[in-house]
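Work through the exercises below with the sequence and the 3D view side by side. Try each task before reading its solution.

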Amino acid sequence: MRSADSLSRRRTFRALAAGALISALALSACGSDDGLEQRAANDGTNYVAGDGSVQEYAPENRGEPVSFESTLFDGTDVSPARWEGEVVVINFWYAACAPCRVEAPDLQAIHEEFEDEGVQFYGVNTRDTQATAEAFERNFGITYPSMEDRGGQVMMAMTNYVPPSAVPTTLVLDREGRVSARVLGVIEPGTLRALINSALEETPDDGGSAEQDAQDA
């Protein structure tokens, strides 16, 4: 009798253990699915996808002009002196970034629209070799230049505006070389056009410091 009771207890224990194991596996699977969904949202390429949020900076609240030195993929040295007095769009990208592929045709189209107004476009490629970057540019018909930034020098110079690994990010610089707007994630063409037009309409002394105003007076 005791043997039968013992067998019954063992069977009950095994059933409970099996139930606990199934529950644990189910929880584990949910966690795994969440991870897979997150990785899928990030295209499996370890970038942090922005949500397209836009941040504009009033002239009086902008920081110092951006400052860095880099090299375009064609070997040309580039620094902010290259676009002094012009409105500039800087887009951080790399070839395996799915959102970068989505926005590439729009960036090229907007570049063509504003080229005659002196607006300069530059890409900052954060990961690719020259061959990979140029293949991407040929595929999407990109005619504005990009600089190689695998070492992160340009991104570090923009660290107040470009979160680490937040690609794509697009910055608009005013005529003084200061960041006037930032878009995290895929650009919306109408929004980028509006941000560029806003920067074009500003006069160089918009938002001058109180100290400078006092000196002028």
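**Exercise 1. Find the bridge partner of Val172 in β8, then describe how β8 pairs with other strands.**

Step 1. The partner of Val172 is Ala181 in β8. Helices (H or I, at least four residues) and strands (E, at least two) are DSSP runs, numbered from the N terminus.

Step 2. This is a predicted model, in which local features need pLDDT of at least 70 and side-chain atom pairs count only at pLDDT 80 or more, while totals for chains, interfaces and linings use all residues. Residues are numbered from 1 along each chain as its sequence is written, and side-chain values use heavy atoms, with hydrogens and water left out.

Step 3. Strand β7 (residues 169–173) and β8 run antiparallel and are joined by five bridges. Two strands pair if DSSP finds at least two bridges between them.

Step 4. The two strands form a hairpin with five residues between them. In its turn, Gly177 has a positive phi of about 80°.

Step 5. β8 also pairs with strand β1 (residues 53–56), in the antiparallel sense and over four bridges. There, Ser53 stands opposite Leu184.

Step 6. Six of the six residues of β8 are buried, so this strand is largely enclosed by the rest of the structure. Buried means under 20% relative accessible area, exposed over 50%, and partly exposed in between (1.4 Å probe, protein chains only).

**Exercise 2. Which residues does Pro65 contact, leaving aside its neighbours within four places in sequence?**

Step 1. Locate Pro65 in the loop between β1 and β2 (70–71).

Step 2. Its contacts are Glu176, Gly177 and Arg178. Contact means heavy atoms within 4.5 Å.

Step 3. Take Glu176: it is 111 residues from Pro65 in sequence, but the C-alpha atoms of the two are 6.4 Å apart in space. Gly177, another of the contacts, is the residue with positive phi in the turn of the β7–β8 hairpin.

Step 4. Pro65 has a relative accessible area of 41%, so it is partly exposed.

**Exercise 3. Where is Glu188 found, and how far is its C-alpha atom from that of Val54?**

Step 1. Glu188 is in the loop between β8 (179–184) and α5 (189–201).

Step 2. The C-alpha atoms of Glu188 and Val54 are separated by 9.8 Å, although the residues are 134 apart along the chain.

Step 3. Glu188 counts as partly exposed because its relative accessibility is 44%.

**Exercise 4. Which residues of β5 lie on each of its two sides?**

Step 1. Recall a general rule: in a regular strand the side chains alternate between the two faces of the sheet.

Step 2. On one side of β5 are Gln120, Tyr122 and Val124, and on the other are Phe121, Gly123 and Asn125. All of these are buried, and both faces are covered.

Step 3. With six of its six residues buried, β5 is therefore largely enclosed by the rest of the structure.

Step 4. β5 pairs with β4 in the parallel sense over six bridges. In this pairing, Phe92 has Val124 as its bridge partner.

**Exercise 5. How many aromatic pairs does a search of the whole structure find?**

Step 1. The search finds six. Rings of Phe, Tyr and Trp (its six-membered ring) pair if their centres lie within 6.5 Å; planes under 30 degrees apart count as stacked, over 60 as edge-to-face and the rest as tilted.

Step 2. Consider Trp83 and Tyr122: their ring centres are 5.1 Å apart and their planes lie at 50°, so the pair is tilted.

Step 3. Trp83 is in the loop between β3 (77–78) and β4, and Tyr122 is in β5, so the pair ties together parts 39 residues apart in sequence. Both Trp83 and Tyr122 are buried.

Step 4. Together with Phe68, Trp83 and Tyr122 form one aromatic cluster.

**Exercise 6. Which residues of helix α3 (residues 130–140) are buried?**

Step 1. The buried residues are Ala133, Phe136 and Glu137.

Step 2. They cover an arc of only 95° around the axis, so they lie on the same side of α3. The arc is that of the directions from the helix axis to the C-beta atoms.

Step 3. Exposed residues Ala131, Arg138 and Asn139 are on the face turned away from the buried side.

Step 4. The buried residues of α3 pack against β4 (88–93), α2 (98–114), β5 (120–125) and β6 (146–148).
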